[in-house]
Amino acid sequence: MASAPNTLYVDGETMTPEDLFALSKGNLKIDLTPEAWTNVGLSRDMIEEIAANEKPVYGINTGFGNFAHVSIPKKTLSDLQRNLIVSHAAGTGAPLTIERTRMLSALRINVLSKGFSGIKPSTLKTMISMFNNSTLSYVPIKGTVGASGDLAPLSHLALGMIGEGKVWNPKVGEYQDAKKVLAEFGIEPVVLGPKEGLALINGTQFITSLGSEAVVRGENACKAADIITALSLEVLKGTVKPMDERIHKARPHTGQIEVARRIRTIVGSDGDKSELSMSHHDCKKVQDSYTLRCTPQVHGICNDTVAFTKGILTTEINSATDNPMIFHTTKESISGGNFHGEYPAKALDYLAIGVHELSSISERRIERFVNPTLSGLPAFLVREGGLNSGFMIAHCTAASLVSENKVLCHPASVDSISTSAAQEDHVSMGGFSARKALEVVENVEKVLAIELLCACQALDLQRPLKTVSVLEKVHAYLRSPEGCNVAAWDHDRYMAPDIESAWNFIRSGKLVEMVEDVWK
């Protein structure tokens with residue numbers, strides 16, 4: 001993907017989940033490469049040729065779905081496309097956040113830039129202008145069955161372009177009448193030509209954009225989980241021996257080998273002795289519990305699941321998912337089924353199942369921290385227990401999130417309900433796959449945040465002993481006013497802000513950034 005200062009140039013071929021997530025922040029503008037603009041123009045020329053004659057071609061001069069047999073007169077072709085948008089904008093629920101609407105819009109622009117959809121360059125320029133100005137349509141989160149594409153949310157996205165519905169006004173930070181906001185930003189509402197409504201709404205971009213955020217955050221959570229486990233291993237006085245490279249090469253799963261390497265590199269370096277580790281060097285314990293000893297085997301498959309899903313979504317991000325497909329080089333319009341969301345739906349259900357396990361094993365390590373029988377530390381990691389409850393209910397919060405994830409991990413994509421008078425008789429339900437995958441990832445991040453708080457508190461309770469320098473740096477950042485500003489737990493106080501601060505430390509990528517150089 002080409003780039004210039006503050007602009008990403010898309011071509012429908014090279015976008016990554018990381019690019020899409022970066023576009024969500026509102027710091028980057030978007031445009032097409034010159035080659036992509038050429039392809040869009042050639043594709044549109046072909047649509048104009050088809051619309052000029054009487055031969056019926058689906059979605060251009062016919063009705064949609066079960067009305068595909070109905071021919072539409074030339075004089076009402078524009079009405080056909082407008083009617084499609086307003087009737088299909090039938091979603092419900094809270095709106096997507098502005099950040100997620102940016103991802104949805106950017107991904108649709110990327111897909112249209114491939115030149116298989118037949119959209120007018122001027123319409124695409126309006127879409128780009130709305131993205132670059134953050135004048136984004138109100139898009140409810142519910143209503144897609146994931147085939148024929150994400151029709152409802154993408155129709156809501158297109159609604160603002162034609163001056164209907166509500167559009168975000170970044171000047172006042174709220175949704176307002178679409179015509180008013182477009183006029184304020186000098187954007188003319190689009191009058192749709194033949195096939196343009198269909199080009200704007202046929203595709204899997206709702207599933208894939210939310211899924212891309214889940215993948216990016218899931219990948220970060222995997223790395224953060226390894227760092228936090230390394231600290232837990234240290235303060236629970238475990239041994240790094242199960243991370244021995246020879247063990248994992250004997251069962252050579254990619255993720256397992258990588259997780260062992262990360263933890264081993266953090267806590268097992270000969271050049272950086274840990275006083276905590278040395279303090280129990282001659283203990284009689286033979287081996288650790290599974291939550292410490294089997295981390296590579298458990299975290300490893302989580303990493304591999306994220307990698308698998310990332311591969312599926314990277315392909316989907318750069319795929320034409322329209323119907324019919326316009327092949328301008330051979331002058332053909334061919335109906336197919338690339339709009340079906342089964343690929344990203346199945347992958348995101350798998351992602352939820354895989355990433356969830358990070359929270360499941362993390363919660364068990366939290367139990368080891370708060371249980372004095374298992375940790376040898378004060379009960380619930382606080383002195384003057386009884387007067388103080390310490391991390392008692394923080395553990396309950398972690399347990400509740402893990403339990404919630406168990407329900408959310410039920411795959412949405414195993415369901416299908418026939419729609420559109422049995423024309424669309426098998427659907428993916430991928431919209432919910434994506435939404436709940438994101439929810440699972442967020443729950444995982446918060447459970448890891450609670451484990452990080454416990455591990456840092458356990459380190460404080462074992463002072464003056466120190467761990468390895470990189471983990472001391474993590475602890476210092478959590479405690480410092482310049483960092484998370486989370487004080488040691490000397491007596492009971494309001495707990496929720498501490499969890500929020502630790503969660504932001506993890507979610508922002510700052511924790512991984514602090515440690516990643518040690519792995520390289």
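In which helix is Tyr 350 found? Tyr 350 sits in α15, residues 342-370 (helices are DSSP runs of H or I, at least four residues, numbered from the N terminus). The model is predicted: local features need pLDDT of at least 70, side-chain atom pairs count only at pLDDT 80 or more, and totals for chains, interfaces and linings use all residues. Residues are numbered from 1 along each chain as its sequence is written, and side-chain values use heavy atoms, without hydrogens and water.

Tyr 350 counts as partly exposed because its relative accessibility is 35%, and that class lies between buried, under 20%, and exposed, over 50%, with a 1.4 Å probe and protein chains only. With Ile 301 and Phe 308, Tyr 350 makes a nonpolar surface patch of about 290 Å². Such a patch joins nonpolar side chains within 5 Å, from residues with over 30% relative accessible area and no salt bridge (a Lys or Arg side-chain nitrogen within 4 Å of an Asp or Glu carboxyl oxygen).

Now the pockets. A pocket is an open set of points on a 1 Å grid where a 1.4 Å probe fits, with protein on both sides within 12 Å along at least five of seven lines; lining residues have an atom within 4 Å of a point. Of its 25 lining residues, Thr 239, Val 240, Lys 241, Ser 277 and His 281 are closest to the centre. Helices α9 (205-235) and α12 (275-279) each give two or more residues to this lining.

The second largest pocket holds about 370 Å³. Among its 23 lining residues, Tyr 58, Gly 65, Ser 148, Phe 339 and Glu 424 are closest to the centre.

Notes: Grid points are joined across faces, edges and corners, and a volume is the space filled by probe spheres set on the points. Patches are made of residues with over 30% relative accessible area and no salt bridge: like charges are joined within 9 Å, nonpolar side chains (Val, Leu, Ile, Met, Phe, Trp, Tyr) within 5 Å. Accessible areas come from the Shrake-Rupley method with a 1.4 Å probe; for residues, only the protein chains shown count as cover.
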